[in-house]
Structure formats: C-alpha cells, structure tokens
Amino acid sequence: MLRIKTFVVNPIEVNCYILSDESKEAVVIDNGTFYADEKEALFKYIEDNNLKPVRQILTHAHFDHIFGVGDFYDRYGVKVNFHAEDGYLYFDVATQLRYIIGRTMDVKTAPAGDYLSDDEMISFGNSQLKVLHTPGHSQGSICLYCEQDKALFCGDSVFKGSIGRTDFEGGNHDQLINSIQQKILTLPDDVVLYPGHGMKTTVAEERRNNPYINA
C-alpha cells in the first residue's frame, strides 16, 4: 500500500510528495525544497523511516518545483526524471526565472535521467506509477497515476476548484482543458488528486464543481 507524505515547501507553497511502500523504496515528486530547514526535514523523514530513494520525478520543470533536486542528488545520487518537452525549462532555469518573476538566482539542478513518456510505467518497490502526458500548463506537464491506490499526482494541471496557469511560455489553455478532460476526468470518480499546490480533491468533485472545466 502506498504511503504518501506531503511537504509544503518554498515561498510559492509547492506540494512535494514522498511516496513509499512496505519495500521501503521511495519516490520524490516535485522536490521544490528551498530553505535549508525544508531540505533537512525531507532528508530526516527519509532517514528516520529507513527509506531508499530510487527516483525523483518532476510533474513539470517550472523553477518552483525543482529547487531541491540538486541537493537531493548530492545526498542520495538519484537523478531527476521529467518529460522531454520541458527540457528547455529545466536546462535553462535562469531564463524562465527572468521571464516569470523578472529576476534570476542560482538554482542547483541534478543530472537528468531518462525522459518520461506517455503511458510509461514506473515501478518501485511493490508499486507502479503510470505517466500521463497532460500538456497545457507546460508542454511537458505530466501526471503520475497509481491505479492500485487510486491516487493521481497531477502537478499544476488541475487544482481543487481551479486549473494551472497557461500564460507562461509553453502554456495553452485549450490544450490544458483537453488534457484534463481526456486524461484526468476519465479516471474513476474516487481517484484522489494530489496537486502541485493546495488541497487534495477527487475526480468526481472536480468533474462536478470545477468552474474552469465546466465552463
């Protein structure tokens, strides 16, 4: 059974998730840890629970979701995986920072592992995550679906009562709505959505109540 630990990190309040199961293998999703105490809290949780990190994955490569990947690599030697369409964002963080917030800063990244592709299965321990390519917030946005535990880690594609921004470079509103309708709302009603920001929700709740999807 999947164990999910959530850390809300950095000034933009990204949800960083650690997934593990009885095997003790662990996957980190959207490691946006920024402050030293956030990074140490993440490390402490892993080490206090005797977890073995085997993957760190990005739902997309916007700067707020990647702040912690470099220090994590230094600690555990785990490269970072993401969709190829977001490579230009990951490999040039300085440009996206200038574009999005009008300033730049040093962001320590990790070496990239293999690119992730639509419908790819990621196995760790006794668990599996299916990659769902959901472009719109960025061209390389993905969701990670654990069918066994009815959990979807949906990044910034959809939030409780809202959707991700599409005014950044690579964003496309119509494409995002299509991704949500075709890849997320087609999942069972009781699948829990774990977004990149804010509270968790369910497929059924967003199908009924999300004004952006129902517009």
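**Exercise 1. In this predicted model, which residue forms a salt bridge with Lys-108, and which parts of the chain does the pair tie together?**

Step 1. Start with the distance. The partner is Asp-71, and the closest N and O atoms of the two residues are 3.4 Å apart. A salt bridge requires a nitrogen and an oxygen within 4 Å, so this pair qualifies.

Step 2. Now find both residues along the chain.

Step 3. Check the surroundings. Lys-108 is partly exposed, with a relative accessible area of 43%, and Asp-71 is partly exposed too, at 27%.

**Exercise 2. Where in the chain do the partners Lys-160 and Glu-205 lie?**

Step 1. Confirm the contact: the two side chains meet in a salt bridge, with 2.4 Å from N to O.

Step 2. Place the residues. Lys-160 sits in the loop between strand S10 (158–159) and strand S11 (162–163), and Glu-205 sits in helix H6 (residues 203–209); the pair links distant parts of the chain, 45 residues apart.

Step 3. Look at accessibility. Lys-160 is partly exposed at 34%, and Glu-205 is partly exposed at 23%.

**Exercise 3. What is the distance between the closest N and O atoms of Arg-207 and Asp-189?**

Step 1. These atoms are 2.3 Å apart, and the two residues form a salt bridge.

Step 2. Trace the chain again: Arg-207 is in helix H6, whereas Asp-189 is in the loop between helix H5 (173–184) and strand S12 (192–195), 18 residues away.

Step 3. Arg-207 has a relative accessible area of 30% and Asp-189 one of 43%; both residues count as partly exposed.

Step 4. Widen the view. Salt bridges with shared partners join Lys-39, Asp-71, Asp-74 and Lys-108 into one network. The count for the model comes to 12 salt bridges.

**Exercise 4. Which residues of helix H5 are buried, and how are they arranged around its axis?**

Step 1. Get to know the helix: H5 has 12 residues and reaches 16 Å from its first C-alpha to its last, close to the 16 Å expected.

Step 2. List the buried residues: Leu-176, Ile-177, Ser-179, Ile-180 and Ile-184.

Step 3. Look down the axis of H5. The buried residues fall within an arc of 155°, so they line one face of the helix.

Key
Residues are numbered from 1 along each chain as its sequence is written. This is a predicted model: local features need pLDDT of at least 70, side-chain atom pairs count only at pLDDT 80 or more; totals for chains, interfaces and linings use all residues. Side-chain values use heavy atoms; hydrogens and water are left out. Buried means under 20% relative accessible area, exposed over 50%, partly exposed in between (1.4 Å probe, protein chains only). Helices (H or I, at least four residues) and strands (E, at least two) are DSSP runs, numbered from the N terminus. The expected span of a helix is 1.5 Å times one less than its number of residues. The arc is that of the directions from the helix axis to the C-beta atoms.
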